[in-house]
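The following briefing concerns the structure shown below.

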Amino acid sequence: MRTFSIITALLLPLGAQAQDRAPILMDATETHILPRFAQLADATETLATTAQADCAPDSEDLRTAYRAAFDSWISASHLRFGPTETDDRAFAMAFWPDTKGFTPKTLSRHIATEDAAVGSPEAYAETSIAGRGFLALERMLYDPAMAEQGSAAYRCALIRAIATDIDRNAEAMNTDWQTYAPNLTQPGDDSLYRSGDEAMQELFRALTTGLEFTADTRLGRPLGTFERPRPNRAEARRSGRSLRHVELSLIALRDLAARLSFDHPQIAADLDVAFARAIDRAQALDDPAFAGVDTPQGHIRVEALQQSINDIREIASTELGPTLGISAGFNSLDGD
Amino acid sequence: MTSRRDFLAGLAAASLAPVPGWSSVGAPDFLAAALFPDGSYRLSGLDGKGAILFSIPLPARGHAAAAHPFKAQAVAFARRPGTFAIVFDCASGTVIKRLEAPKGRHFYGHGTFSANGDRFFTTENDYEAAEGVIGVWDAVNYIRLGEFPSGGVGPHDMRLMPDGETLVIANGGIETHPETGRTKLNLPTMQPNLTYVDLSGSVLAQVELTDALRKNSIRHLAVRGDGLVGFAMQWQGSLTKHPPLLGLHRLGEEPRLLSAPETDQSALQGYAGSIAFAADGNSIAITCPRGNALLRFDVESAAFTDAFALEDVCGLGAGSEGLVFTTGTGAFGALNATRAEISAQPDCQWDNHLIPIRTFG
């Protein structure tokens, strides 16, 4: 049987294989992309209504809703193109890394001036992007320095405004993804993607940039250097979510990789083994905010996790990429 | 016994030719870095047809290089975020000096000499402050003299203007930190610009694009003899948009942006790698390795002229007539009025840039 299929493949004109992206594009769009944004919109709606009911920073209901909604975002945030990218929506969901400390500055300014934008969702959406999204809300819920600023009433209004803004943003993405989906599932003259290959390349790029972000930024920033680790740079460390984001992103990317490699069982198997190894390492780490990078042993363990993600990247770029017609040129890959 | 006349003649010879000039290495027209089949990265001197006149091993993959205006000396930069650059004597292939970026700085991969060859300038990242810096070096002994702000974040290419007293800097706007590799840390707030400074770092002028093009990173430059600056861009926004990747600017005027028709423009994946004016200055081109294309435009009318399909094309420079280019597949070719002709195809992979040795020849 195997021999037969190889011969058939050789006899087919090159173009015939190139056209057969439809099942994977349909599967990735319908079962990977769209459900994630629907789930996100549900979770952020719960967050917004919970904040309306109880805006106390230490409210367990509010924190639970916050964690669930942030989980949903991390599980969708690698899909950073199309409606996710429009108007910087992804950055408005999570302004990170914040290398210049814009988020606390923006929030302090809102509080100090009692910025009236918190009274109107439309107005709040026009304020600085650094004061929006899950990292801004994390400051309000988990940073003791914020809880001492201004009046309790204003802080409550600010928490509600950020939660509502997150929900509006998620709703907009979810709505727009429904109308954007046919671009991916029906590439061609009426689509933003002129061919199935182009649409596949967009999804492949989501996979590789997602892996890159998790390895180089989510882990690279707290790792710093061996001589000078930077645990205070870990993502969402105040809510103790740094490691969880690595794990959630790997789980989401594993699902995407499996769908994209469906036609290539050997590559699919290689990727799955590599993902399993990385996820196992993340789950075994027991260092939720990467505070342990301060110690030599802790640093080495996080580095090992980073290496296991780089191993996945290697398989993606050398095995999966070429099957999708991704240009592997010396200069086109350099990016400088 | 040495006569006074002999003594003076000897003195003159010693002061006029203390180091070999470019003619001593076959008068190359260009420098380019490449990966060779044995796995070595080398910096080569090329003639106008792409023949390799000399080839010096590099310790790692290079990015751009800079050619001394008259001595046969080249500075090769490591790939971003490299912390060293190497000054070579191209006649002997020996290392004259290894330039180390100061603590807290790394090089971006481009640099330029002053017209008289006594200063060398490098684009650098002050990465803790996330501010661009221009390093100033003594180019006789290659000692660091100081630095000044580049006028933005992420300075990449930099050129000396024809007046010899002004530098034009492409501040790409993208913040990176060596600890996070090439991850772009500030896309939602990035703001690239073109900055003109005098050689002591005083800002003479700054140009920004409109807010809709804020995510178009200004990366590479070409300068015409009359001071017209061409700039090539790399789009960091949605790939479903196809903004212009080439601009022209003259001090005191508004920038002009040049774009090909949508069918050509949309194939570029928002990425231009190199830029150069043709020898006569009437046309300008960009290479687009992700779109495997070279696009040419008329400078006067700012109109698109033609596109050439060339696999992994990136290096670009002015040739004896028109333009010359290199590709990641080893080709060296020339573009005349109507077509691209490959004149050399050595077994190597040419890296991003082709560095002219005579800037305004």
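Where is the place of Asn292(B)? Asn292(B) is found in the loop between strand S21 (283–288) and strand S22 (293–298) of chain B; helices (H or I, at least four residues) and strands (E, at least two) are DSSP runs, numbered from the N terminus. This is a predicted model, in which local features need pLDDT of at least 70 and side-chain atom pairs count only at pLDDT 80 or more, while totals for chains, interfaces and linings use all residues. Residues are numbered from 1 along each chain as its sequence is written, and chains are lettered from A and ligands numbered from 1 in the order in which they are written.

**Backbone features**

- Most residues other than glycine have a negative phi, and most peptide bonds are trans.
- Asn292(B), which is not a glycine, has a positive phi of about 50°. Asn292(B) counts as buried, with 22 C-beta neighbours inside 10 Å; a residue is buried if 20 or more other C-beta atoms lie within 10 Å of its own, exposed if 12 or fewer, and partly exposed in between, with C-beta atoms placed from the backbone.
- Glu114(A) has a positive phi near 45° and lies in the loop between H6 and helix H7 (121–125) of chain A. Glu114(A) is partly exposed, with 13 other C-beta atoms within 10 Å.
- Trp96(A) and Pro97(A) are joined by a cis peptide bond with omega about 0°. Pro97(A) is in the loop between helix H5 (89–93) and helix H6 (102–113) of chain A.
- A cis peptide bond also runs from Arg80(B) to Pro81(B), with omega near -5°. Pro81(B) lies in the loop between strand S5 (73–78) and strand S6 (84–89) of chain B.

**Helix packing in chain A**

- Two packed helices are described by the angle between their axes and the distance between the axes. Axes are lines fitted to C-alpha atoms, for helices over the stretch in contact, and angles run from 0 to 180 degrees between N-to-C directions.
- The axes of helix H4 (residues 60–74) and helix H8 (residues 133–142) of chain A come within 11 Å and cross at roughly 160°. H4(A) is therefore roughly antiparallel to H8(A), a term for angles over 145 degrees.
- Arg63(A), Tyr66(A), Phe70(A) and Trp73(A) in H4(A) meet Phe134(A), Leu137(A) and Leu141(A) in H8(A); residues are in contact if their C-beta atoms, placed from the backbone, lie within 7 Å.
- H8(A) and H10(A) pack at about 160°, with axes 9 Å apart, and are therefore roughly antiparallel to each other.
- H8(A) is mostly covered, as 9 of its 10 residues are buried. The buried residues of H8(A) pack against H4, H5, H6, helix H9 (144–147) and helix H10 (152–185) of chain A.

**Cores and chain contact**

- The largest nonpolar core has 92 residues, and Ala65(B), Ala74(B), Val75(B), Ala76(B) and Ile275(B) have the most contacts inside it. Such a core is a set of buried Ala, Val, Leu, Ile, Met, Phe, Trp, Tyr and Cys residues joined through C-beta atoms within 7 Å.
- A second, separate core of 89 residues includes Met93(A), Ala130(A), Trp177(A) and Tyr193(A).
- Between the chains, 26 residues of chain B are in contact with 27 residues of chain A.

Technical notes
Parallel < 35°, antiparallel > 145°, perpendicular 65-115°, else oblique. Contact = placed C-beta atoms within 7 Å.
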